[in-house]
Amino acid sequence: MNKEYYKNAFSKVCPSEEAIERMLCMTETRKKTFRHKGLIIVLAVIAALVCGTFTVNATTDGKLFGNIRVILNGEEVNPEEHNIKCKAYVDEEGRKIIVEETYNPDGTLQGGGLYSGFSESDIEKGMFKDVDKLLKGDVGSFKEDKNANVDVNITDITTADGARHISSCIIDNNESEE
Amino acid sequence: MGGEIVTECEFISAVERNNQRLFLIALSFTHNHTDSEDILQNVFLKLWKYQKPFEDTSHIDKWLTRVCVNESKNYIKSPFRKRSVPLENADSKYQFENEYDYDLFKAVMSLPKKQSTVIHLFYYEDLSVKEIADVLKIKDSAVKTRLHRARTQLKQLLGDEWNNE
């Protein structure tokens, strides 16, 4: 009885058409990959030629290249083209925080978000306070991790308070996918 | 399906078959429309990029449920969620058939998130106590306690509309 009542009530609650459309468009990402196989090979050769440059990266303490990949609405993008800046920070215990900021063409801050691998208990203990300071530019006990290997997945939704959503963040590509 | 990664056709079918169901699971965790859509998008992105084969559609659906629960748990652990829009601003998006349905929705969304998740998995997903415990990685006794507390709360909020079971 309660189950029927419950199912009937919640049958009217669903995601927006726009959200469903965005999900269906994800198939375009793999198609593009396969369509441009030749281009990928050429790019791989070029990448091999310039890999020596990574030595420079190492000597400049990672300043030359970041290892943060930005995925916007399911597609990897060049963060600079979208006025997005992502930085990784690490605390003394090795736990990482990713901060994302998006700017308007005039250079003003449009919105941002952060993602952490901290447990809920850490956040409850007050760690969240320290993390939140990062959005205001106060690094505190965190240190910027220029060699972080991170996939930041952002959906292009801006909430009423101007924040953007980081829907997931795969740090060091070790996240389990079941 | 036989050992292949999901095709475009299978992916579209999985989105159409599961989008509302997974959205509701995420909503039971977040109580937030936009956050739930984010989780949903991320879940399907993982399906599209998943490289291992599925046995059949039922295998895909079960995998999606588990990934959705894990994504939702990770999402609510993130400090970023505290900056998002609460549900009160979003529930006008839904068209309920009558006021009783709306009352139930509001009542479930007013429960603590741990309770609304268990209630949803039990009443909408038809999962048993054991299955809920497995998917949430908690003890059977914890599921029973949360169910009991949630039912008591719903009875208080909804009166005769919610039966004693």
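## Two helices side by side

In this predicted model, helix H1 (8-30) of chain B and helix H2 (residues 33-49) of chain B pack at an angle of about 145°, their axes being 8 Å apart. Axes here are lines fitted to C-alpha atoms over the stretch in contact, and angles run from 0 to 180 degrees between N-to-C directions. Helices are DSSP runs of H or I with at least four residues, and strands are runs of E with at least two, numbered from the N terminus.

Contact means heavy atoms within 4.5 Å. Among the residues that make this contact are Phe11(B), Val15(B) and Leu22(B) of H1(B), along with Leu40(B), Phe44(B) and Trp48(B) of H2(B). Sorted by class, the contact has 13 nonpolar, five polar and three charged residues. Ala, Val, Leu, Ile, Met, Phe, Trp, Tyr, Cys and Pro count as nonpolar, Asp, Glu, Lys and Arg as charged, and the others, Gly among them, as polar.

Let's turn to Met23(A), which is found in helix H2 (residues 17-24) of chain A. Met23(A) has 1% relative accessibility, so it counts as buried. Buried means under 20% relative accessible area, exposed over 50%, and partly exposed in between, using a 1.4 Å probe and protein chains only.

Setting aside neighbours within four places in sequence, Met23(A) touches Phe11(B), Val15(B), Leu40(B), Gln41(B) and Phe44(B). Met23(A) and Asn73(A) are 50 residues apart along the chain, and their C-alpha atoms are separated by 8.7 Å.

## Helix H4 of chain B

Helix H4 of chain B has 12 residues (99-110), and at 1.5 Å a residue it should span 16 Å, which agrees with the 16 Å between its end C-alpha atoms. The expected span is 1.5 Å times one less than the number of residues. At the start of H4(B), a side-chain oxygen of Asn98(B) comes to within 3.1 Å of the backbone nitrogen of Tyr100(B).

The buried residues of H4(B) include Leu104(B), Phe105(B) and Val108(B). Their cover includes helix H1 (2-10) of chain A, as well as H1, H5 and H7 of chain B.

## Two loop residues with positive phi

Asn83(A) is not a glycine, yet its phi is positive, about 55°. Asn83(A) sits in the loop between strands S2 and S3 of chain A, and is partly exposed at 33% relative accessibility.

Asp126(B) also has a positive phi, near 60°. Its loop lies between H5 and H6 of chain B, and its relative accessible area of 39% makes it partly exposed.

## Reading the numbers

Residues are numbered from 1 along each chain as its sequence is written, and chains are lettered from A and ligands numbered from 1 in the order in which they are written. Local features need pLDDT of at least 70 and side-chain atom pairs count only at pLDDT 80 or more, while totals for chains, interfaces and linings use all residues, and side-chain values use heavy atoms, leaving out hydrogens and water.

Conventions. A polar contact is a pair of N or O atoms within 3.5 Å; within protein, one must be able to donate a hydrogen and the other to accept it, and residues adjacent in sequence count only if both atoms are side-chain atoms.
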